[in-house]
Amino acid sequence: MQDLNGGRRAEGRDVCFSMTHMAFVRAMERQSRFRRNDMKADLHLHSTASDGTLAPDELIVLAAELGFTHLALTDHDSVEGIEAAYDAAQDCGVELIAGVELSCGAQKEIHILGYGFDPFDEQMIEFCRMRTLERRDRAAKMVEQLAENGVEISLDRVMELARGVVARPHVARALVEAGYANSVSNAFDKYLLPGKCGYVPKTEVKVAQAAQLIRQAGGVAVLAHPMELKMGEMALESLVHEWHEQGLEGIEVYHPSAANNSLPFLKNLAQREGMLITGGSDFHGVQVRQSQIGEQLERWTTMEQDIQKLLRRIDR
């Protein structure tokens with residue numbers, strides 16, 4: 001992992017780490033030399049630092065108890081949970097890859113995963129700080145629009161549920177609590193998807209911007225859950241080619257949203273473009289979505305070689 005801040009801590013930010021920057025980087029470098037043959041990985045996990053329901057350390061401990069050896073915490077537009085996750089990973093003997101999931105696009109959301117970057121990078125921290133503020137404004141607009149349509153929930157309650165970076169799942173959970181929906185997914189379907197009364201688009205960030213941010217922080221940019229873009233193969237292939245030229249380096253081929261019959265296309269696309277292959281469950285906690293850590297990742301039969309390629313790219 002590169003030392004891009006010259007060993008200085010970022011000051012005056014929402015994010016604050018108790019471990020010194022250089023100590024953290026050196027510890028992560030020592031950990032990165034630890035490679036296991038009995039690999040069991042999940043590279044897409046969310047904690048209370050964004051819209052997950054488990055604290056970062058609780059998430060890592062649970063994954064370790066389930067036998068996972070390699071993990072990435074990829075909170076939405078947030079790096080706040082990385083240090084706590086790292087400490088837990090050290091205690092559990094698990095390898096942690098610093099991660100983030102950056103939100104791009106506007107009406108059509110595109111998510112870019114970042115792996116192996118410097119979590120102390122000032123530009124990354126500032127980007128996440130600004131996105132956090134934007135998310136708070138967006139949540140307030142959602143609550144206002146819902147109220148205009150006769151759906152009354154408390155913004156204070158939404159923020160209590162968030163605890164960190166507020167996102168639509170927190171609004172959805174407040175809707176469930178208030179009796180307007182019977183599940184988080186039902187709340188999305190009724191109120192929070194594009195075209196519904198509670199939907200508010202995000203400020204647009206281009207994929208090229210996200211990829212550049214991750215790369216300049218020493219990391220690797222990967223397209224998250226491409227099948228959730230819900231577009232034809234030719235259109236997706238064209239976009240991936242364009243994004244690859246702009247700095248995207250991998251595709252999250254293995255994700256619960258990718259049906260078995262989609263996997264050959266995604267694998268071939270990554271291989272044709274010379275891109276990395278990754279996988280993750282996108283676990284948020286059962287209160288958000290009925291899923292499990294490592295869900296459907298048994299399909300990832302090339303897990304070890306793919307992760308070794310990712311780790312080598314991070315170490316470049």
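Contact here means heavy atoms within 4.5 Å, and among contacts in the chain between residues at least 6 apart in sequence, 75% join residues at least 24 apart. This is a predicted model, in which local features need pLDDT of at least 70 and side-chain atom pairs count only at pLDDT 80 or more, while totals for chains, interfaces and linings use all residues. Residues are numbered from 1 along each chain as its sequence is written, and side-chain values use heavy atoms, with hydrogens and water left out.

**Overall make-up**

The chain has 11 helices and seven strands, these being DSSP runs numbered from the N terminus (helices H or I, at least four residues; strands E, at least two). Of the 316 residues in the chain, 55% are buried, where buried means under 20% relative accessible area, exposed over 50%, and partly exposed in between (1.4 Å probe, protein chains only). The accessible surface of the chain comes to about 13200 Å², and 47% of this area belongs to carbon and sulfur atoms; the areas come from the Shrake-Rupley method with a 1.4 Å probe.

**Nonpolar cores**

A nonpolar core is a set of buried Ala, Val, Leu, Ile, Met, Phe, Trp, Tyr and Cys residues joined through side-chain atoms within 4.5 Å. The largest nonpolar core holds 56 residues, of which Ile 112, Tyr 115 and Met 124 touch the most other members. Neighbours within four places in sequence aside, the residues in contact with Ile 112 include Val 100, Leu 102, Val 207, Ile 214, Leu 223 and Leu 248.

In helix 7 (residues 184-192), the residues Val 184, Ala 187, Phe 188, Tyr 191 and Leu 192 are buried. They lie on the same side of helix 7 because they cover an arc of only 105° around the axis, the arc being that of the directions from the helix axis to the C-beta atoms. What covers these buried residues of helix 7 includes helix 4 (122-148) and helix 6 (168-177).

**Salt bridges**

The structure holds 14 salt bridges, each defined as a side-chain nitrogen of Lys or Arg within 4 Å of a carboxyl oxygen of Asp or Glu.

| Salt bridge | N to O distance |
|---|---|
| Arg 168 and Glu 109 | 3.3 Å |
| Glu 109 and Lys 202 | 3.0 Å |
| Arg 313 and Glu 249 | 2.7 Å |

Arg 168 counts as buried at 13% relative accessibility, and Glu 109 does so at 18%. The pair of Glu 109 and Lys 202 links strand 4 to the loop between helix 7 and helix 8 (207-216), 93 residues apart, and Lys 202 is buried too.

Arg 313 lies in helix 11 (residues 303-314) and Glu 249 in the loop between helix 9 (233-245) and strand 6 (250-254), so this pair ties together parts that are 64 residues apart in sequence. Arg 313 is partly exposed, with a relative accessible area of 26%, whereas Glu 249 is buried at 8%. Salt bridges that share partners also join Asp 77, Arg 131, Glu 134 and Arg 135 into one network.

**Aromatic pair**

The structure holds one aromatic pair, where rings of Phe, Tyr and Trp (its six-membered ring) pair if their centres lie within 6.5 Å, and planes under 30 degrees apart count as stacked, over 60 as edge-to-face and the rest as tilted. The rings of Tyr 254 and Trp 300 have their centres 5.7 Å apart and their planes at 20°, so the pair is stacked. Both Tyr 254 and Trp 300 are buried.
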